[in-house]
Amino acid sequence: ANKHEAVMFLELLYRFRKQNQRLWPGAKIGELALDAIHDAKALCQSLYDDDIRYAIPFMNQPPRCQEVHGQLFNEHGVPLCREGLPMRRHGINRHGRIMYACPAKRPTHRGHDHVYLPHPGDCPRGVLCEPNSLLGPIVTVAPKDEPRLHPVIHRNSKKFKKLYDSRTTCERSNSVKKQTFLMKFARVRVIAYSFIRLTLISMLEHSRAWVADKYKLAEKTVTKANVFSF
């Protein structure tokens with residue numbers, strides 16, 4: 001307990017990468033989910049440099065309005081337009097920069113065509129800043145400049161929620177190993193023995209999950225049969 005969890009994580013990530021070079025050359029981590037204690041700019045920068053996409057919630061919510069390189073952003077890291085409205089995320093351009101477009105210009109369909117329609121009434125000014133532009137004004141943000149505020153998987157996306165929910169699955173799995181199968185109370189001095197014990201526990205855990213799924217399927221089949229019998 002003499003190290004911060006985020007520092008320990010970076011050390012383990014380095015060891016994992018080093019071991020991969022020997023055991024699984026070419027294998028790498030594509031995505032990971034971490035809890036809010038890992039919310040630090042340096043850690044996010046390290047993950048970005050390693051081309052790892054991450055889901056890390058804010059430990060402390062950023063201010064509602066902050067300025068970065070002359071551009072104002074809200075607490076979610078979304079740039080604000082000239083009138084203070086959150087801009088609409090438009091995707092990532094070919095240079096890897098996140099694009100944000102005018103919030104008063106939104107996509108829709110007209111027949112089989114995908115078009116962008118202006119809605120001047122949604123702007124406090126009542127008129128468009130760039131009426132001759134399809135999407136403008138446009139603001140582009142490079143994740144490498146502010147990887148904590150502007151992760152590649154932005155925090156308001158479905159992808160972020162799905163990836164972060166997978167972390168809680170791991171937490172529940174770890175709890176089963178430690179409490180249900182008594183791994184927490186095991187007194188083992190040889191690391192190889194601990195690894196064997198962990199492997200056997202994982203096999204039991206998966207077997208229980210498979211059996212539970214089969215029981216659920218059987219219960220649904222029986223329920224449907226009873227409904228049809230009436």
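Biologist: What makes K177 count as buried or exposed?

Modeller: Its relative accessibility is 13%. Buried means under 20% relative accessible area, exposed over 50%, and partly exposed in between, with a 1.4 Å probe and protein chains only, so K177 counts as buried. Before we go on, this is a predicted model: local features need pLDDT of at least 70, side-chain atom pairs count only at pLDDT 80 or more, and totals for chains, interfaces and linings use all residues. Residues are numbered from 1 along each chain as its sequence is written, and side-chain values use heavy atoms, with hydrogens and water left out.

Biologist: Why is the pairing of E205 with K177 called a salt bridge?

Modeller: The term asks for a side-chain nitrogen of Lys or Arg within 4 Å of a carboxyl oxygen of Asp or Glu. Here the closest N and O atoms are 2.7 Å apart, so the pair qualifies. E205 sits in helix α4 (residues 191–229) and K177 in helix α3, 28 residues apart; helices are DSSP runs of H or I, at least four residues, and strands are runs of E, at least two, numbered from the N terminus. E205 is buried too, at 17%.

Biologist: What joins the side chains of S173 and E205?

Modeller: A polar contact of 2.8 Å. That label needs a pair of N or O atoms within 3.5 Å; within protein, one must be able to donate a hydrogen and the other to accept it, and residues adjacent in sequence count only if both atoms are side-chain atoms. S173 lies in helix α3 (residues 158–180) and is buried, at 19%.

Biologist: How many salt bridges does the structure hold?

Modeller: Five. Among them is R17 with D50, where the closest N and O atoms are 2.5 Å apart. R17 is in helix α1 (residues 5–23) and D50 in the loop between α2 and β2 (53–55). R17, at 32%, counts as partly exposed, and so does D50, at 27%.

Biologist: How do you know how far along the helix D165 and K161 are separated?

Modeller: They are four residues apart in helix α3, which means about one helical turn. K161 is exposed, at 53%, whereas D165 is partly exposed, at 34%.
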